[in-house]
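Colleague: Hi! Could you walk me through this one?

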Amino acid sequence: MNYNFRKIEDKWQKYWAKNETFKADNTAQKPKYYVLDMFPYPSGAGLHVGHPLGYIASDIYARYKRHKGFNVLHPMGYDSFGLPAEQYAIQTGQHPAITTAANIKRYREQLDQLGFSFDWSREVQTSDPHYYKWTQWVFIQLFNSWYDAASDKAAPISTLVSIFETEGNQSVEATCDEDTPVFTAAAWKGFSPAEQQQILLKYRLTYLAEAEVNWCPALGTVLANDEVVNGVSERGGHPVIRKKMTQWMMRITAYAQRLLDDLDTIDWPQPLKDSQTNWIGRSEGASVTFKVLPNAGVEAPEITGDVDPSSTSASHKIEVFTTRPDTLFGASFMTLAPEHDLVAKITTPEQKAVVDAYVTATAKRSERDRLSDVKTISGVFTGAYAEHPFTKARIPIWIGDYVLASYGTGAVMAVPCGDQRDYDFAKHFDIPIPNIFEGVDISEEAFADKANTVIANSDFLNGLDYPKATRKVIDELEKIGQGKGKVNYRLRDAVFSRQRYWGEPFPVYYDAAGMPQMLEERDLPLELPEVEKYLPTETGEPPLGNATTWAWDTKTRKVVDNALIDSTAVFPLELNTMPGWAGSSQYFNRYMDPHNAEAIYSKEAIEYWQDVDLYIGGSEHATGHLLYSRFWQKFMYDRGWAPKPEFAKKLINQGMITGTSAFVYKDLNKNLLYSKGLVQDKKVIPIHADVALVNAADELDIDGFKNFRPEFQDAEFILEEGKYIVGREIEKMSKSKYNVVNPDQICEDYGADSLRLYEMFLGPLEQSKPWNTAGITGVHSFLKKLWKLYQSPDDSTPTQENLKTLHKTIKKVEEDIENFSFNTSVSTFMICVNELTAQKCASKAVLEPLTILVSPYAPHIAEELWEKLGYTGSITYAPFPQFEEQYLVESTKEYPISFNGKMRFTLELPLDMDRPAIEAAVMAHERTAKYLEGRTPKKIIVVPGKIVNIVG
């Protein structure tokens, strides 16, 4: 019978679905193992062959662990809130939920046909109200919590209120806003309820604040830093500007040190750990306060009761953080971020026009763009000056786009003799560069070697090295009340608001005083309302501002018509929605108990599964999802809802399967397209062509291309020997590059087992590798050969050779799976099948364990072969074969028998045979007599375990 992969794969996929073969049990007596893939956003394009790479790897491991006796949780779901569905809704008017449901249906069909052993009974969708009810619940818990620095953990906000009521906040150690006032218990009790709520917002782990954000006018929403590339939106390439908006924020900075420290406790890739370490950006130094002098060098007017102190620049102070406080006497100017709050307040009238213009221009550049542009030197003098804490010298205050408001304090004390960027800035604008380093020439460049620093021209710091000068200057700053030692982090609190429709609604309404109030748990989920338009309103409000029924009745506890809003019982609901990472920050725990309507998960479920044992996904999530999830997990741990402070023990970043793009070459000025070999010395623009229009010889289907790109209907194609040859280039597989290979066609032509094996065979899991459809024929031929091996299985006793082949395969495959070296396992299978075929092995004692070995990689054919061997039911839980060393221990040696140094034949003899016995056995062999031809050997050389040489 031939290998009918289509029939086999359809049969077993239906069997697994009907019998819920992969359903996990929350109360099993087996040891647990939790294997998780980063769940996908269900895009309209569906899967291409690059997407399943990580899923195949995790599936192999999940199936392997089931064979090893584990109760395996291997769930799948969808990160189904997303901008593409909303953009499609804006273009067509179709509700994002309809688009998303259709996309999920398509994804599910594709995932099913690849034979993944997912427990679909636990499927979650982040856009399902039953799911996002618990995202809203976590948000409420964060709002009702503060970070107690004394105990280094989150605590209920009620405990903070109790402290305020008895002793004020003077002794409270907490992570809070820097402008939090100090007050007594009496003062607290004298505050109005709104004032108390305003103060509590400065402590809550999620809070409202005015923040500098990446605003994309075309998309009508705020974007995270990782969603902005080169100053434009990652999706759509729209311009992004920086602007201030009132946003919900997450106080992730409270967890900065723990996020750093606990990287040592998890088995994650070092490059990813490095990314998070750099993103968090811990540095030690000092906070220094500079007083802003009155404008134009005029003394500040005497402050009387009739004058507002904030109206003069003399009342302003600039705080900077520096890792080199020892260089304080070398500060010759200060630079503020153009978006710094003080810029508008301290700029002189004479400088206002140029400052305003510079601020506007900077707002059009992303933070990433500004940081990466190290060549451009730009800045503007504000006209204002600060006073040096010790020398009292006037220090000019500039603005420059290399300083970011989101990093540190948004201000730097510039020490050009010790920092190259400050040095270049000072040279460019002719600012003095005082030298504070003993015996160092700074005429050509700055001196940044703090290890060999000896301070000079610095008053009380003269003659001190870096450590001593640092300690000394901090002591002196503390004495005069203008500084202190400080640990700083690059990490900023996370913006949690998005001006979108298709996202989780905030469970928040605003009372008569404009203060945010949380819905009660019994009111959840707060579901998205219907809207006529998915764009922001004409007055600039987010899309939820288009909803006519989006107010909260505190008496009926229901959403009601906006027209009913009053100041006593009905209040407006929040118009922003949550960001994309909200739904993915606890989904791994929700999978443990996904249908629980009473809690995010039961105590029994979380205590059983504990955490993710193996997590597989892309490294591009290093400073997004993976950082925010760690933050939420630590919060849940602090509050007693999660048993572990980290959610995933081991993480693997799978590599990328790249596509081989095709290019045509258009003349820069004419409507001509040159074949690849004719491009040299011509000015051309490479244009992507759909790889489906190119054959194996790289010849372009010109008519097909003209239909694909109608703008080239009238173009002249310059051919090589009557053919148009495209250029080729390895790129990321992407719909926009027209190099996508659809797995559906691969499954139709070769089967899912062939696709699974081929993707593993391409190379190490963590590395990127190019796709080549022609290469899949090799693994498909292997499966045919495997199938053929099982045509007539019998109960014969396996030979020594059979057992040796089997057990070296068991050993290698188990080692490979444990080390995630799946590519070498595929090679091992091929060698094994070739050897068993050559040995004419038909013994069930060999074929049965071989079937189990193959099962994680090619589950459909394994199930069919298992049935062919006489078993009923699935192979899924069959015990993994045990490796036995004895079958690899050599008991015999194949000796090369040489005559006068020339090898004539081989003879297999026991390894423990001594020299006389070896000599006797060789001399007694009939082929020895043939080669001696009746002669008596002069000498017989025997090296036990190696050679025999007969000298005639």
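Modeller: Happy to. One term to begin with: two strands pair if DSSP finds at least two bridges between them. Also, please keep in mind that this is a predicted model.

Colleague: Okay, which strand does β20 pair with over three bridges?

Modeller: Strand β20 (residues 551-553) pairs with β22, in the antiparallel sense. Within that pairing, W552 stands opposite F571 in β22.

Colleague: What is the strand order in that sheet?

Modeller: The order is β21-β20-β22, an open sheet of three strands with antiparallel pairing. Its edge strands are β21 (558-560) and β22 (570-572), and each of them pairs on one side only. Leaving direction aside, neighbouring strands of this sheet are turned by 40° against each other on average.

Colleague: Before we go on, what pLDDT does the protein average?

Modeller: The average is 93, and 98% of the residues score at least 70.

Colleague: And where does pLDDT stay under 50?

Modeller: That would be residues 296-314. For that stretch the model has 18 contacts beyond four places in sequence.

Colleague: How many bridges join β1 to β23?

Modeller: Three, linking residues 32-37 of β1 with residues 612-617 of β23, and the two strands run parallel.

Colleague: Now aromatics. How many aromatic pairs does the count come to?

Modeller: The count comes to 71 aromatic pairs. One of them is Y33 with Y61, a tilted pair at 5.7 Å centre to centre with 45° between the planes. Y33 sits in strand β1 and Y61 in helix α2, 28 residues apart, so this pair links distant parts of the chain.

Colleague: Is Y33 buried or exposed?

Modeller: Y33 is buried, at a relative accessible area of 11%.

Colleague: Nice. What kind of aromatic pair do Y587 and F588 form?

Modeller: An edge-to-face one, 5.7 Å centre to centre with 65° between the planes. Y587 has a relative accessible area of 0%, so it counts as buried. F588 is buried as well, with 0% relative accessibility.

Colleague: Back to Y33 and Y61: which residues form one aromatic cluster with them?

Modeller: The cluster also takes in Y64, F70, F820, F822, F829, Y857 and F880.

Colleague: What about charges over rings: which ring does the charged end of R394 sit over?

Modeller: The ring of Y385, with the charged end of R394 4.0 Å from its centre. There is a lysine example too: K930 lies over the face of Y931, at 5.4 Å from the ring centre.

Colleague: Last topic, β25. How many of its residues are buried?

Modeller: 10 of its 11 residues are buried, so by the under 20% cut-off strand β25 (residues 657-667) is mostly covered.

Colleague: And which strand does β25 pair with in the parallel sense?

Modeller: That is strand β30 (residues 769-770), over two bridges. In β30, P770 is the bridge partner of T658.

Colleague: Which residue of β29 does S661 stand opposite?

Modeller: S661 faces E729 in β29. Strand β29 (residues 727-732) pairs with β25 in the antiparallel sense over six bridges.

Colleague: How many bridges does β25 make with β27?

Modeller: Six, in the antiparallel sense, with β27 covering residues 684-689. F663 has H688 in β27 as its bridge partner.

Colleague: And what joins β25 to β26?

Modeller: A hairpin does, through four residues. β25 and β26 (residues 672-674) pair in the antiparallel sense over two bridges, and Y665 has Y674 in β26 as its bridge partner.

Colleague: Great, thanks for the tour!

Notes. Residues are numbered from 1 along each chain as its sequence is written. This is a predicted model: local features need pLDDT of at least 70, side-chain atom pairs count only at pLDDT 80 or more; totals for chains, interfaces and linings use all residues. Side-chain values use heavy atoms; hydrogens and water are left out. Rings of Phe, Tyr and Trp (its six-membered ring) pair if their centres lie within 6.5 Å; planes under 30 degrees apart count as stacked, over 60 as edge-to-face and the rest as tilted. Buried means under 20% relative accessible area, exposed over 50%, partly exposed in between (1.4 Å probe, protein chains only). A charge sits over a ring if NZ of Lys or CZ of Arg is within 6 Å of the ring centre and within 35 degrees of the ring normal. pLDDT is the predictor's confidence in each residue, from 0 to 100. Contact means heavy atoms within 4.5 Å. Axes are lines fitted to C-alpha atoms, for helices over the stretch in contact, and angles run from 0 to 180 degrees between N-to-C directions.
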